[in-house]
Amino acid sequence: MTLTVLQGVRPWGGPATDLYFEDGRVVAPPNGQAVGGIGERIDGRGRIALPSFADVHVHLCSTRWGLPFRPHTAPPSLMGHIEADRQGWRQDAPIADKATAMLGRMISRGTTKVRSYAQIDTHAGLERLEGVLAAKEHHAALADVTVMAFPQSGIMIDPGTESLLEDALRQGLVDVVGGIDPCAVDRDPKGHLDVVFGLAERYGKPVDLHVHETGTMGAFSWDLIFERTRALGMQGQVTISHAMALGTNSPEVEDRLIAQLVELDVAIATVAPRGSRPLPYRRLLAEGVRVGLGEDGMRDYWSPYGDGDHWNRLFQLCWQHNLKTDEELRAAAFTATVGGRQVIDPSLARVDPLVGTPGLEVGDEADLVLVEGETLSSAVVDHRPSRVVIRAGRVVVDVDQDDPTFRV
């Protein structure tokens, strides 16, 4: 038996120990007779070991990372941003080039699990999807990427989009069916959700809906999503992204919405957005809702912010929700790693974020990120750029500055 040993790391900031890998997974320490079978020894340098980051909400098809900086000019409305992106992306480098560069950047900072959106509409056809698929293929050895067919420009207001979505599904190009603001964008919530859930049922795919809608409108859309989830038996197969109906309704309505999240095992994907009322993050975790973290758009026509470093977005999550205690900061790190994995793959075992070393136990995938820090809490607060990334038990990135290069 040939093993790889990662020596002198601190899983989740705990005591220093060695971790053993075989065939891309964490295995039990060998007995004395088997130690000679170790094929590679990796010096962990006393760093904190975490499961690699999982980004559950990223738009690889819209990034402008690596291109000359441009001023933000999109109108303030949601539809203004959608139109700015729709009209602007062809002015830049090809989608495949931009998406490949951005995904490489994400991997180099410790993200190996990704759910990416690929915009499909009558303006782009499947061109933006094809660019994301090219990036996925290029980095297939370094990251697991699930791709969503995302009708960002609407479905009912953009006739022809439904057939494009189905074409992508029929060809087996996408893993998730997306939707967006059934009321605020399409102004036909029944029609929009009938298409999204109809395609999901027909092709056996999960659903992820962008719901920026707040207040009564947001709660109404959520109720329609819950109805379809229940009727189609899609418990555990639905994600609500942004989820701004939480925090913008009365306590009674919020109680009802959260109860249905729990009952139907509907996941939440947050991007810890600036300038909006925070989600009831602590309560969602306490109730057992699957919560994952995403970086959303990264230096694109929606926003000049975003750099592909999930460690920085984890800091933003903690800052936004005023997380201070060791338990809170650890739970946030769980959201950015194991929690995200559970959003992408609901079949994974549910574990307590505060118990043991979730994601680093025997049998888990050997995808890790090693970070600097006196404690896990201090590491989250400092979020230093130095990083070691391990994919399937093999070091692929080892940098001490914010200019990483791959070893492969």
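**Note on the parallel sheet and its helices**

1. Strand β11 (residues 238-241) and strand β12 (residues 267-270) run parallel and are joined by 3 bridges. Two strands are taken to pair if DSSP finds at least two bridges between them. Helices (H or I, at least four residues) and strands (E, at least two) are DSSP runs, numbered from the N terminus. Across this pairing, I240 is placed opposite I268 of β12.

2. The model is predicted, so that local features need pLDDT of at least 70 and side-chain atom pairs count only at pLDDT 80 or more, while totals for chains, interfaces and linings use all residues. Residues are numbered from 1 along each chain as its sequence is written, and side-chain values use heavy atoms, with hydrogens and water left out.

3. The open sheet consists of 8 strands with parallel pairing, in the order β6-β7-β8-β9-β10-β11-β12-β13. At its edges stand β6 (53-58) and β13 (291-293); each has a single partner strand, so one side of each lacks a neighbour in the sheet. On average, neighbouring strands are turned by 25° against each other, direction ignored. Such angles are taken between axes, which are lines fitted to C-alpha atoms (for helices over the stretch in contact), and run from 0 to 180 degrees between N-to-C directions.

4. Helix α2 (residues 95-108) packs on the sheet and touches β6, β7 (111-119) and β8 (144-150). Contact here means heavy atoms within 4.5 Å. The direction of α2 makes about 155° with that of β7.

5. Is strand β7 buried or exposed? Of its 9 residues, 9 are buried, so β7 is largely enclosed by the rest of the structure. Buried means under 20% relative accessible area, exposed over 50%, and partly exposed in between (1.4 Å probe, protein chains only). β6 and β7 run parallel, joined by 4 bridges, and F53 has T111 in β7 as its bridge partner. β7 also pairs with β8 in the parallel sense, over 7 bridges; there, Y117 has M148 in β8 as its bridge partner.

6. Helix α6 (residues 215-231) packs against helix α7 (residues 251-264) at about 25°, with axes 11 Å apart. The two helices are therefore roughly parallel to each other, a term for angles under 35 degrees. Among the residues that meet are W222 and F226 in α6, and L257 and L261 in α7. The residues of this contact comprise 7 nonpolar, 2 polar and 4 charged. Ala, Val, Leu, Ile, Met, Phe, Trp, Tyr, Cys and Pro count as nonpolar, Asp, Glu, Lys and Arg as charged, and the others, Gly among them, as polar.

Terms used
Parallel < 35°, antiparallel > 145°, perpendicular 65-115°, else oblique.
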